[in-house]
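Reader: Could you help me learn to read aromatic contacts in a protein model? I'd like the general idea and then the case at hand.

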Amino acid sequence: MKWHHVQENWFAFFDAILDKWPDADEAELEEIDGDQRAFITYIAELTGQEITEAKEEIRDWLTGELPSDVVMDPRHDDHSISLSRKYLPEGEDESDDDARFGDD
């Protein structure tokens, strides 16, 4: 994932951040508000690392999965639905009602 995913969905990443850095403080994270430089500095101070080490640790963390709160975002859903168009038979719309499949 890219930093812009984190920045755009900052609060959705709190659980993932706290899983990786359990000593992180939610109030401090709220103040950081997705600012990458502030987050790197905060993690460096929190872990007692140099800035370059903290950057590397965050870079490794970014290779993980997107939190479900971000994946469930309507913008992501709309994009996925749009991409599904190529798998539909001709004449069927990707936004058609799927009640017969249990989707009310």
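Reader: Are Trp 10 and Phe 39 buried or exposed?

Author: Trp 10 is buried, and Phe 39 is buried as well; buried means under 20% relative accessible area, exposed over 50%, and partly exposed in between (1.4 Å probe, protein chains only). A word on the source: this is a predicted model, where local features need pLDDT of at least 70, side-chain atom pairs count only at pLDDT 80 or more, and totals for chains, interfaces and linings use all residues. Residues are numbered from 1 along each chain as its sequence is written, and side-chain values use heavy atoms, leaving out hydrogens and water.

Reader: How is a ring pair described?

Author: By the distance of the centres and the angle of the planes. Rings of Phe, Tyr and Trp (its six-membered ring) pair if their centres lie within 6.5 Å; planes under 30 degrees apart count as stacked, over 60 as edge-to-face, the rest as tilted. In this structure there are nine aromatic pairs. Trp 10 and Phe 39 have ring centres 5.5 Å apart and planes at 85°, so they are edge-to-face.

Reader: Which two rings have planes at 70°?

Author: Those of Phe 13 and Trp 61; their centres are 6.1 Å apart, so this pair is edge-to-face. Phe 13 sits in the loop between α1 and α2, and Trp 61 in helix α5 (residues 51-61), 48 residues apart. Helices here are DSSP runs (H or I, at least four residues), numbered from the N terminus. Phe 13 is buried at 0% relative accessibility, and Trp 61 is buried at 11%.

Technical notes
Helix = DSSP H or I, 4+ residues; strand = E, 2+ residues; numbered from the N terminus.
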